[in-house]
Amino acid sequence: MISWRKHYKKTLIAIGLLLSTSASFYGQDGDPKNGEKLFKANCTACHALDKQVIGPPLKGVVERVKTEGGVDKDWLHKWIKDNKALRASGDKYANEIFEKYNKTEMLQFPNLTEKDIDDILAFTTNPPAPEEKKPEATPATGAAAAAPADKTTTNIVIISLLAIAGLLVWILVKLRQLVTLGQSEELAGLNETRVRSFKEMYEKFHYVGKIALTILAILAAYGVWNWLMWIGVYKGYKPEQPIYFSHKIHAGEQKIDCQLCHSSAKYGKVSEIPSMNVCMNCHRTISEYNADHYMEPGKDKAFYDGEIQKIYAATGWDPAKQQYTGKTQPVEWTRIHNMPDFVYFNHSQHVVAGEQAIINSFNKKNPDNKIDVVCKACHGKIDTMNVVQMANDFTMGWCIECHRTTEVDMNNGYNKEYFKNLHDKLKKQYPKDGGKITVDAIGGLECGKCHY
């Protein structure tokens, strides 16, 4: 009896220790699902699970720091919260990591709680398996769903149709012969007097012929003139570029301002093609396409990832070592918008001086398609274009029409003081429509403004 009680007590003690150890173990592990959300919000700018970005890969980081530096999770908590303070304290392993990764200082995260860090570490130790996407049901097409057509039946139908066509031709020939045989002598005589040549017809109807030829000549001249006038007009032109760049993804989905990349448009004559270094400002850390919410029809993740690799090849960037190799490749972009040599166009004059006026004018003409960026007035809805194309004619008539209808913004901060005297004079000169002054009133139709 005593022996049974003795073993019973030992069993209870063992079960209690096991439960307490398990509770402690799972309590420290954290929640991987919540850790995934925190990881994406705080870490993905510099880290990935399975490859080096700016910082090292973080999959299995708990076990790695234990093996490499002989430190535990408490050390990781200190490193994540304030790695700078940890290095300043003289921690050997912290300073070794700092030296190893080119002295790139990691951000501090004092806002993360102990539980948040445990959740992130749980995610790096045991990331949840990605949910498998169910293949979209593809409706069977007629060719795939239906059984192949019987070739014999098809041949029979074709032969039958040819036979019917031949029979109809034979009937028409016979009818023609009957009509000819049944003609009276009077009809036969009239048949002999028919006009049988173009010359005879022209002599008989020369007045009508001259009028017809005159009309044809006028129409031909108009056609040639119209064709000449549209030489050099390439509305709808959208060439393929050496690196695929979707403005819809960058300007539309990501809301990136046009002037972040085309920085010279506001204060320069030409809106330059952005340098590849501008692309690398973002794509140094964005090495793959993960925006599953938008995928252009006919494109997949592998396609977009391949285009990002072209950027790396052009700039000589090694994503594995996170450094430039010095081996660059020029990118031969195809220019889309290009004014003729005899036309002067200054981007800054329109973007700075005429920005609000152009926007207001465009919105009045297009109440259902309002804009808030002046670029769209000329270049169209760039933020909806996957492949950029010429949205307008860019002819002289198109520019003049804009100058005739766009009202000058008298309250523009860039114009207000400089053109104050001119604006006061113009208000007196154009008292109609409440002093409305369009661009043509300030020289917008003078030839020398664009041709000199």
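Tutor: Helices (H or I, at least four residues) and strands (E, at least two) are DSSP runs, numbered from the N terminus. The model is predicted, so local features need pLDDT of at least 70 and side-chain atom pairs pLDDT 80 or more, whereas totals for chains, interfaces and linings use all residues. Residues are numbered from 1 along each chain as its sequence is written, and side-chain values use heavy atoms, without hydrogens or water.

The chain holds 22 helices and two strands, and the part to examine is the second largest pocket, with about 730 Å³ of space (an open set of 1 Å grid points where a 1.4 Å probe fits, with protein on both sides within 12 Å along at least five of seven lines; lining residues have an atom within 4 Å of a point). Of its 35 lining residues, His-47, Pro-56, Leu-58, Trp-79 and Met-106 are closest to the centre. Helix 4 (73–88) supplies at least two lining residues, as do helix 3 (61–69), helix 5 (92–100) and helix 6 (114–125), and the largest share, six residues, belongs to helix 4. By class, the lining comprises 23 nonpolar, six polar and six charged residues.

Elsewhere in the chain, an unreviewed UniProt entry annotates residues 156–173 and 211–233 as "transmembrane region". In the model, residues 156–173 are 100% helix and 0% strand, with end C-alpha atoms 26 Å apart, while residues 211–233 are 83% helix and 0% strand, with end C-alpha atoms 34 Å apart.

Note on methods
Grid points are joined across faces, edges and corners, and a volume is the space filled by probe spheres set on the points. Ala, Val, Leu, Ile, Met, Phe, Trp, Tyr, Cys and Pro count as nonpolar, Asp, Glu, Lys and Arg as charged, and the others, Gly among them, as polar. UniProt positions are given in the numbering used here, feature names are shortened, and annotations may be inferred rather than shown by experiment.
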